[in-house]
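Hi,

Here is the structure I promised to pass on.

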Amino acid sequence: MTTVSGLVEPHLGRARDFLPKPCDPCHLVQLVHDLLPIPAPNLILDPRRGQAQLHGIAYSVSPRRMDLLVTLAQYHPQPLTAAELVHRMAQERGVHTSETSVRTMVSLLRRQLASDPDQTSWMSNDGQGYYLTCASTLIE
């Protein structure tokens, strides 16, 4: 280790790696790749085909459940209560439903789109409302 003027030892504990000069682009790309967070699973919604794709697997989704997913995607990452979902789905998608029906649809969607248990859940309810935990792509 070399002594560098102005370098205080407590800062060394926070350093993850060093990039020697001249810089090797392949080494730089690998260092940056290792520092980036693992991306959340992407949910792709295609209402025309009635498909939701999660982790690269396509699932057939009923029109009502798709309306629920599209509404959640449009308001991502804002949580929506069951009552807000009923209101937004009626106002924006022309779908009339009830809070009980919304809760049932969420439960059925969670079962239908269940993925690897080691992965993070793609939809959550933190007591303030339902929201998608991953970025979604809406094809419309």
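This is a predicted model: local features need pLDDT of at least 70, side-chain atom pairs count only at pLDDT 80 or more; totals for chains, interfaces and linings use all residues.

**Salt bridges**

Let's start with Arg-49, which forms a salt bridge with Asp-46, the closest N and O atoms being 3.9 Å apart. By salt bridge I mean a side-chain nitrogen of Lys or Arg within 4 Å of a carboxyl oxygen of Asp or Glu. Arg-49 is exposed at 64% relative accessible area, whereas Asp-46 is buried at 10%. (Buried is under 20% relative accessible area, exposed is over 50%, and partly exposed is in between, with a 1.4 Å probe and protein chains only.)

Residues are numbered from 1 along each chain as its sequence is written, and side-chain values use heavy atoms, with hydrogens and water left out.

A search of the whole structure gives three salt bridges. Another of them pairs Arg-93 with Asp-67, with 2.9 Å between the closest N and O atoms. Arg-93 sits in helix H4 (residues 82-93) and Asp-67 in helix H3 (residues 63-74), so this pair ties together parts that are 26 residues apart in sequence. Here Arg-93 is partly exposed, with a relative accessible area of 24%, and Asp-67 is buried at 13%.

Then there is Arg-103 with Glu-99, where the closest N and O atoms are 3.4 Å apart. These two are four residues apart in helix H5 (residues 99-112), so about one helical turn separates them. Both ends are partly exposed: Arg-103 has 41% relative accessibility and Glu-99 has 36%.

**The overall layout**

The protein chain has five helices and six strands, in the order α-α-β-β-β-α-α-α-β-β-β along the sequence. These are DSSP runs, numbered from the N terminus: helices are H or I with at least four residues, strands are E with at least two.

Of the 140 residues in the protein chain, 28% are buried. If you take the contacts (heavy atoms within 4.5 Å) between residues at least 6 apart in sequence, 49% join residues at least 24 apart. The protein chain exposes about 9,400 Å², and carbon and sulfur atoms supply 54% of that; accessible areas come from the Shrake-Rupley method with a 1.4 Å probe, and for residues only the protein chains shown count as cover.

**The core**

In soluble globular proteins, nonpolar side chains tend to be buried together. What does that look like here? The largest nonpolar core has 29 residues, and the members touching the most others are Leu-43, Leu-45, Leu-68, Leu-69, Val-102 and Trp-122. A nonpolar core is a set of buried Ala, Val, Leu, Ile, Met, Phe, Trp, Tyr and Cys residues joined through side-chain atoms within 4.5 Å. At least two residues of this core come from each of strand E1 (43-46), strand E2 (51-54), H3, H4, H5 and strand E5 (130-132). H3 gives the most, with six residues.

Leaving aside neighbours within four places in sequence, Leu-45 is in contact with residues including Ala-52, Met-66, Leu-69, Val-70 and Leu-138.

So is Met-89, in helix H4, which is buried at 0% relative accessibility. Beyond neighbours within four places in sequence, Met-89 is in contact with Asp-67, Leu-68, Val-102 and Met-105, among others.

Leu-19, Leu-28 and Val-32 make a nonpolar surface patch of about 210 Å². Patches are made of residues with over 30% relative accessible area and no salt bridge; like charges are joined within 9 Å, and nonpolar side chains (Val, Leu, Ile, Met, Phe, Trp, Tyr) within 5 Å. Leu-28, found in helix H2 (residues 25-35), is partly exposed at 35%.

Cheers
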